[in-house]
Amino acid sequence: PTANGFGWNNTAVDVTFDCADAESGIAGCSGATTLSNEGAGQSATGSALDNAGNSAQATVEDVNIDMTPPSLSGAATTAPNAAGWYNGDVTVHWTGADGLSGIDPATQPTDATIAGEGSNLGAGPASIADKAGNTTSASVTGIRIDRTQPTVTGKPTTAPNAAGWYNGDVIVDFACTDTLSGVAFCPTSKVVASNGTNQSVSSGPAEDLAGNAAPGVTVGGLKIDAVAPQSTANNQCTKANGWCTGSSANVV
């Protein structure tokens, strides 16, 4: 076949020669061949011989053959964090290469954007062609995106009494969950030690492995009374010299 607009073929090329002689006629016409190897600037030469013994040659030059598809790879334009996670959109850039005819620039794939959430997201397939018309495609997988912040909860490690009161220190524990990338940091427990009603304690923030941070939570309604009640006795009676007189004394 004839070459494409870039001057390349992606199949074997048959080269033939037409021989003519207006006087004695053609005795031999040779040189037809099939060029099946890859390469640029190939040629083939044909010969003609007429019946008078005259000879002539002609050469077909610049036959370019590339039958190997180009390579294509995609890579994120930014690196994930140390844990291998992203917490936003990821842009994938495609890179093609061809060692013979070169890449057809009109087929360069545009960058892809990976949205959503997941532990094995991807982009593609994208395709590219070389100047000989060979095509290839590629995809990118294994992209991990977590956009959702973790959840923080807190509660006392012990329950108050039936009246809703504690009579000593109260330890408040905090728990964190993250369903995708997992928890990287969860605030530690806190102790409430002062007496009072409707006391509260707040945690620090939590963070997942993708770098999403959640604000702390506040645990309130804590009532602590660690002071024992006090009582006094007062004898109410008529006294004489510190003694009650009469038959009875009223103790309040």
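Colleague: Which residue takes a positive phi near 90 degrees in the hairpin of strand 4 and strand 5?

Modeller: This is a predicted model, in which local features need pLDDT of at least 70, side-chain atom pairs count only at pLDDT 80 or more, and totals for chains, interfaces and linings use all residues. Residues are numbered from 1 along each chain as its sequence is written, and side-chain values use heavy atoms, with hydrogens and water left out. Strands here are DSSP runs of E, at least two residues long, numbered from the N terminus. The hairpin has four residues between its strands, and the one with the positive phi near 90 degrees is Gly53.

Colleague: In what order do the three strands of the open sheet lie?

Modeller: Two strands pair if DSSP finds at least two bridges between them. Strand 2 (26-30) and strand 5 are the edge strands, each pairing on one side only, and the order is 2-4-5.

Colleague: Which residues touch the most other members of the largest nonpolar core?

Modeller: A nonpolar core is a set of buried Ala, Val, Leu, Ile, Met, Phe, Trp, Tyr and Cys residues joined through side-chain atoms within 4.5 Å, where buried means under 20% relative accessible area with a 1.4 Å probe, protein chains only. Of the 16 residues in this core, those touching the most other members are Val92, Trp94, Ile114, Ile143 and Ile145.

Conventions. Buried < 20%, exposed > 50% of the residue type's maximum accessible area, 1.4 Å probe, protein only.
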